[in-house]
Amino acid sequence: MKRCYSTLKKPLNSKNLRLFALESCKSMNQIKQTHAHLITTGLIVHPITANKLLKLLIASSFGSISHAHQLFDQIPKPDVFNFNTMIKAYALKPTSSHNSVRIFLSMVRVPGFLPNRYTFVFVFQACGNGLGVLEGEQIRVHALKTGLEDNLYVTNALIRMYGNWGLVDDARKVFDWSLDQDLYSWNIMIGGYVGSGELGRAKEMFEEMSERDVVSWSTMIAGYVQAGCFMEALDLFHEMLQTGPLPNEFTLASALSACSNLVALDQGRWIHVYIDKSEIKMNEQLLASLIDMYAKCGEIDLAAKVFHIEYGPKLKVWPWNAMIGGYAMHGKSREAIDLFEQMKVKNVSPNKVTFVALLNACSHGKLVEEGRAYFKSMASSYRIDPEIEHYGCMVDLLGRSGLLREAEDTVLNMPMAPDASIWGALLGACRIHKDVERGQRIGKIIKGLDSDHIGCHVLLANLYSGSRQWDEAKAVRQKIDAGGRKKTPGCSSIELNGMFHQFLVGDRSHPQTKQLYLFLDEMTAKLKNAGYVPEFGEVLLDIDDEEDRETALSKHSEKLAIAFGLINTPPGTAIRIVKNLRVCADCHEATKFISKVYNREIIVRDRIRYHHFRDGLCSCKDYW
């Protein structure tokens with residue numbers, strides 16, 4: 001763009017600055033008036049004044065980066081601060097980070113004009129955020145030519161850039177070759193390893209550090225959570241409390257996430273108390289983590305209390321998403337919808353995660369019309385294009401409601417190619433509604449997409465066995481065995497006195513195994529006397545004898561975990577179980593009887609949702 005040169009030049013002094021009162025601008029109109037005044041008085045030629053206006057345009061809520069760029073183009077001789085301000089502004093926006101490089105290149109073309117260390121920090125940030133390796137390597141050459149590559153700030157920016165690209169070996173080379181390193185250097189290198197999933201190397205560096213700050217600890221704890229190593233995350237969090245710095249809101253959000261996934265309610269409650277007593281700043285992401293923890297630990301009423309009563313107004317979307325998702329997980333579909341409507345009244349804009357939670361709520365509540373309407377509103381009302389996760393929710397909603405043809409049409413009319421998980425949702429619906437013909441056809445499609453998809457074969461086998469087609473089911477199972485593939489084993493866990501006890505199907509590794517199996521025999525007899533009849537639909541298919549099938553059912557992991565809870569907790573204590581798979585029909589029926597016979601509340605979180613068993617009934621109303 002051609003630069004605008006003013007013929008008016010006046011000396012810059014404090015009186016002029018007070019006259020323009022840049023900091024007092026409260027609207028875009030005032031900024032534009034100030035901009036015009038700078039041009040007409042000639043003060044646009046003074047980089048300091050122009051830079052104040054540039055920063056105001058970029059940083060204020062009513063500003064505009066495009067207007068800032070126009071102002072930048074009107075500065076006859078911008079200085080390095082003007083260039084750095086614009087490079088930094090674009091670097092913070094991944095979608096426009098290429099503009100940072102363009103401005104940098106125009107800067108280095110000016111004869112005798114040299115970038116400083118901050119220039120390279122900002123432009124390397126832009127490259128790491130949105131550009132490719134080529135641009136970053138080219139700019140690194142410029143840093144070398146100017147003698148700034150060994151500067152600590154520039155080195156750290158290079159490490160972060162390579163880490164953002166996932167090139168952790170290149171980042172480590174820069175780290176090892178650097179003449180100077182500070183705590184920030186170590187932290188960003190550890191963050192690079194964590195982001196690339198190399199937790200072992202991250203932990204090695206963490207252990208080598210002579211000094212650690214809250215960022216060091218928080219990065220490692222978040223890394224364990226992201227990798228699904230929730231026990232390790234909590235162990236490190238406890239170590240931090242004993243030997244490290246005080247945790248901040250980001251540390252605590254990660255620790256709460258670990259509690260959520262482990263259903264470690266007692267530890268989650270302790271963190272909640274710690275937040276209040278330590279007067280930790282409650283930002284909306286930490287609030288969302290707290291709500292999510294209570295919801296995923298089975299305490300949906302406590303989650304609602306935290307959301308509705310504590311910590312003031314919720315202006316960001318994250319706490320709303322956590323609460324809507326919590327209601328969905330607990331089968332409280334109407335409450336989820338009501339909360340979404342409140343969200344609209346409060347002018348909080350939903351995002352893609354909001355609609356995943358909302359559509360899941362509709363699916364768990366069999367609210368087909370509401371689900372259709374919300375799915376349609378994504379594009380029409382909120383300009384959010386549905387992604388494959390949203391289509392998956394719709395297929396699940398329609399399929400579980402028995403609208404298998406409409407569900408299949410939805411898959412066929414998706415704007416993106418359906419993957420195996422989408423077809424798998426439809427195959428699961430065929431299993432529920434015993435549509436063998438459609439299930440066989442969809443099974444072939446899934447095997448065409450992924451011939452090693454073990455879940456497809458298991459669903460087909462369960463579809464056949466649920467329809468009492470034992471020979472067909474057995475043939476599918478034999479194909480699985482012949483291929484040397486194994487389905488994910490069912491695993492259930494229960495927390496007792498801060499320790500987690502895990503059980504697999506038929507598990508005999510627990511120290512209380514003998515007592516457990518004796519109790520299981522006694523429990524099964526009591527359930528039968530109360531009217532329980534085993535459901536053989538998904539039992540192991542290589543067992544021909546009905547009595548042996550019944551024995552196999554009694555050894556399912558959640559029954560072992562429930563038996564452990566009944567043995568080791570006082571009467572009346574609620575039992576909380578987490579299972580990695582969808583609860584099977586027989587265990588669901590048996591747990592209803594257990595809750596009535598033993599007068600216990602049993603809370604089970606499976607892969608799909610929460611089940612609250614009380615007095616012989618389940619909160620899902622047998623629809624899951």
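Which residue in E5 does Ile603 stand opposite? In this predicted model, Ile603 faces His612 of E5.

Strand E5 spans residues 610-614. Four of its five residues are buried, so E5 is largely enclosed by the rest of the structure. E5 also pairs with strand E6, residues 617-618. This pairing is antiparallel as well and extends over two bridges. Here Phe613 stands opposite Cys618 in E6. The hairpin of E5 and E6 has two residues between the strands. Within this hairpin, Asp615 takes a positive phi, near 50 degrees.

Helix H32 comprises residues 585-597. Its 13 residues, at 1.5 Å a residue, should span 18 Å. The end C-alpha atoms of H32 lie 19 Å apart, which agrees with that expectation. Buried residues of H32 include Asp586, Cys587, His588 and Ala590. Thr591, Lys592, Phe593, Ile594 and Ser595 are buried too. Asn599 follows H32. The phi of Asn599 is positive, near 55 degrees.

How values were computed
Residues numbered from 1 in each chain as written. Predicted model: local features only at pLDDT ≥ 70, side-chain atom pairs only at ≥ 80, totals over all residues. Heavy atoms only, no water. Buried < 20%, exposed > 50% of the residue type's maximum accessible area, 1.4 Å probe, protein only. Pairing = 2+ DSSP bridges. Expected span 1.5 Å × (residues − 1).
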